[in-house]
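Here are my notes for you on this one. Have a look at the picture first, then read the points with it open beside you.

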Amino acid sequence: MKRLLLFISIVLLLAACGPQQPAALTVMTHDSFAAGDSVIKAFEQTNNAKVTFVKSGDAGAALNKAILSKDAPLADVFYGVDNTFLSRALAAGIYQPYDSPALKNIPAEFQLDPTHQALPVDQSYVCVVYDKAYFASHNLAVPQTLEDLVKPEYKGLLVMENPATSSPGLVFLLATVKHFGDPNYLGFWKNLRQNGLTVVDGWETAYYTNFSGSSGKGPQPLVVSYATDPAAEVMGAQTPPPDSPVGVVLGPDTCFRQIEFVGILKGTKQLALAQKFVDFMLSAQFQADMPGQMYVYPVVPNITLPDAFTKYAQIPTQPATLSPDEIAKGRDGWIQAWTDAVLH
Amino acid sequence: MNSMISHHDGTKTQRRSNLRALVPSWLNRPLLWFFPLSFLLVLFFYPFFRILAYSFNVSTLTTDNLNFAISVLFFTFYQAVLSTLLTLLIGLPSAYLFARFDFPGKSLLRALTAVPFMLPTVVVAAGFSALLGARGWINLTLMNSFGLSAPPIQFVGTLGAILLAHVFYNTTIVTRVVGNALYHLDPKLEQAARSLGASSRRVWWNVTLPLLRPSILAASLLVFLFDFTSFGVILLLGGPRFSTLEVAIYTQALQFLNLPLAALLAFIQLFCTLVFSILYTRVVERSAVQTAPRSAESNVRKAKTPNEKFFIIALCLLLFALFILPMFALPLRSVSRLDADRAQLGPIQTGLTMDYYSALFVNVRGSIFYVPPFDAALNSLLYASATIVLSLLLGFPAASALARPGRLEKILDPILILPLGASAVTLGLGFIISFGRLLTVPWLVPLAHTLVALPFVIRTLQPALASIPDRLRQAAASLGASPFRVWRNVDWPILRRATLSAATFAFTISLGEFGATSLLTRPDDPTIPIAIYRFLSQPGGLNYGQAMAMATILMALTTAGIFVIEKMRLPGAGEF
């Protein structure tokens, strides 16, 4: 009898702490995060882990939720802060540094945080995107520069996102600050307002409800969106068209480079696993999966891109950039000034 | 009316003793309140006040901030009052139509007008733009017919769009709440007035309308609170030029991380809701009306006079134009090839297609966030069923206590309405700091849905419970009926319709709920609105088509759900 009890308790003990129980890792992301099922499964199998993703709103909202839950973090890893909000994340101290061995493969231009709390994962370009069919059928030249946008022939053609509620909107505002300088950028925006600029709350509305080049077939043939849209439209079509229906305006400072970062949240109880996950996001396997899932570019060099990317996506040659410090100092003031100039 | 009030007061003491006789002794008031109040404490008051305490800071009370808050508050009130009046303008005749007349297609029309209530705003915005946008059908037709070069109707980004969307969303509340009361009105009162020589108009103004006042006030309050706290409609259809308190809270808290200002705004919103709730409960309390349970043949009838026929046809056409047309855009888009219009760039692909539906079943990009449509529908239905059960379980005891109000109830009544008007964004942040990792447990979703649905359920059940004539209970009890039998034969026939109404509210609220669900769901078990949003957050015609297909499934499911709930009958109950 005693032996039986001992046997049962050993079995129970083994079942409770046996190796078959996978460790749980929670990853907090913004709403646009996507990843391949097989890629994540591979990570889970290799590390005997179960990864749960918590989507927490757009880029700004997700970060603020992470900051708000700093004392009792919702997750172990947070992905999705970009260079426009990097300073806020670092100032709030939500991350713990991780000197990932994978960082050696990543060019220095992406490593904006020397303390290695926020590690670069991907890059993309916010640009002015145009509807090819509209400009062809109206015999209208596609605008080439930011200055073109305030010309009368483009009156009422541009739709953008509100910088106060949307990441691409904010990034485009930064591009104009870089190009025209502070406070001259406000003159540009006042002219753009006179020229019939349409402002909507977020990317989904801008792209699907207002932009004429998307399936929503809205009224405006110019939209503030991403340089990878031409590729995305081809990859996301039922039957791939022979050419992409949309193109990108590639003038000086019409595009602004966005870099997204990942970091390990302070207070994680799964530090080793979290570090492995960060390494995994910087690995060739995840970096190659990313473009087709999120329509962004890898930060690791020499990754094979999907065919549609090499064929249709356009890489800006003269993108605008501002340092995280400049953005941190100016951001909220620029948004406020923009709101007063354009909306009120 | 005056005599009725005094009658009501005179029987109060007598009523209480009756209640003691009918309700088992262990089921006393504190017990009735225990579960509903604990629920609200844990899921509403604790997280809400925790985030307010965490964020609020006296230094935020500057003149600039206060001026900002006042201007936002003014617009919030302004658009809510206008929206509520417009909603009543459409809703009251509709309530009359559905409660009094029988006509072909009535059940379907009534179910369809309830669908907007649960549609996610992204989908509604898409529907309205397809109809009224610069390149929508109406503008294109007008431009073609009159040779105009610019779209004549400017819709998106105007106050008109906000008002129309609010009417579109909330008319069903008026139809349901007022229609329910109208249906239960004792026809003898109207008959008596008529037999004394009153004209139909006079009967309506002097008898019917005063009797309907509590339900009209109840409906107006719910509509007003929804308009007052409007968020998605303002963002998507009103555009960035308009901002309600809730939108300002969202922008301040989640974009600027200005938590003190967000807390100030949330506090103002909560205070307004409280004041409004207290006023409302006082008004409703003073005009309680007894109605009689009866067979329905006496009030639902076919149109007789030409005037009545005209009324029915005109109103049906209006409802069709207002509710069915914008929704029709979605199923239409879900079966049209949207890569069309690219004639000069590729082969013409116009025509009908089922591709978007079949694509729903394929994980096109091998994404970890892929949702099989059947699973999303199943999750949605499971959550909705759990929400019905939970909200009825919590709603019945609370509504029973409120139906026979004592001093405690006078204090608790307005408090029960608070979750409806309190800032949802703030509550969401409260959840984050209060529950931490618990946020990802799946059963938190139906609990959150119940929190949203509960005020509706209580408001719908309470008038019905209060309307049960004690005479009937006394008669039944004195004839030897057991308490259960009294409940089954007296209470339930009166309650049945209100219960179904309450269940419909809970069901539709749960199916369409997006804000709380997006905060709480794990990627493994998303609901249909979450799936729609996932498709819409990626570029490409296929994603857009799939979002429309998913929205169509949601609409079909809701219509079917409301249809089933309304058609549910108990054997021998003989309604309709």
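At roughly what angle do the axes of helix α4 (residues 63-100) of chain B and helix α14 (residues 306-334) of chain B cross? Point 2 has the answer.

1. Some housekeeping before we start. This is a predicted model, where local features need pLDDT of at least 70, side-chain atom pairs count only at pLDDT 80 or more, and totals for chains, interfaces and linings use all residues. Residues are numbered from 1 along each chain as its sequence is written, while chains are lettered from A and ligands numbered from 1 in the order in which they are written.

2. Back to the helix pair. The axes of α4(B) and α14(B) cross at roughly 125° and come within 11 Å of each other. (Axes are lines fitted to C-alpha atoms, for helices over the stretch in contact, and angles run from 0 to 180 degrees between N-to-C directions. Helices are DSSP runs of H or I with at least four residues, strands are runs of E with at least two, and both are numbered from the N terminus.) The two helices are therefore oblique to each other; angles under 35 degrees count as roughly parallel, over 145 as roughly antiparallel, 65 to 115 as roughly perpendicular and the rest as oblique.

3. Who does the touching there? On α4(B) the contact is made by I90(B), P93(B), S94(B) and L97(B), and on α14(B) by I312(B), L315(B), L319(B) and L322(B). (Two residues are in contact if their C-beta atoms, placed from the backbone, lie within 7 Å.) Seven of these residues are nonpolar, one is polar and none is charged. (Ala, Val, Leu, Ile, Met, Phe, Trp, Tyr, Cys and Pro count as nonpolar, Asp, Glu, Lys and Arg as charged, and the others, Gly among them, as polar.)

4. Now follow α12(B) (residues 245-255), which turns up in two pairs. With helix α18 (residues 424-435) of chain B, α12(B) packs at an angle of about 40°, the axes being 8 Å apart, so this pair is oblique. E246(B), I249(B), Y250(B) and A253(B) of α12(B) meet A424(B), V425(B), T426(B) and L429(B) of α18(B). That contact has six nonpolar residues, one polar and one charged.

5. The other partner of α12(B) sits in chain A. The axes of α3(A) and α12(B) come within 8 Å and cross at roughly 65°, so these two are roughly perpendicular. G60(A), A61(A) and N64(A) make the contact from α3(A), and A253(B), L254(B) and Q255(B) from α12(B).

6. Zoom out to the two chains. Their contact takes 59 residues from chain A and 53 residues from chain B. Helix α3 (residues 59-68) of chain A gives the largest share of chain A's side, six residues. That side as a whole has 26 nonpolar, 21 polar and twelve charged residues.

7. Where they meet, 19 residues of domain 1 are in contact with 21 residues of domain 2.

8. The peptide bond from D182(A) to P183(A) is cis, with omega near 10°, and P183(A) lies in the loop between α6 (167-180) and α7 (185-194). N139(A) has a phi near 50°, a positive value in a residue other than glycine, and belongs to the loop between α5 (132-137) and β6 (158-161).

9. The mean pLDDT (the predictor's confidence in each residue, from 0 to 100) is 90 for chain A, with 94% of its residues at 70 or more. For chain B the mean is 80, and 86% reach 70 or more. Confidence in chain B is lowest in helix α1 (residues 2-10), at a mean of 38, and highest in α4(B), at 94. Over residues 1-22 of chain B the pLDDT stays under 50. Where pLDDT is low, the predicted coordinates should not be read in detail. For the complex, the predictor gives an ipTM of 0.80 and a pTM of 0.82.
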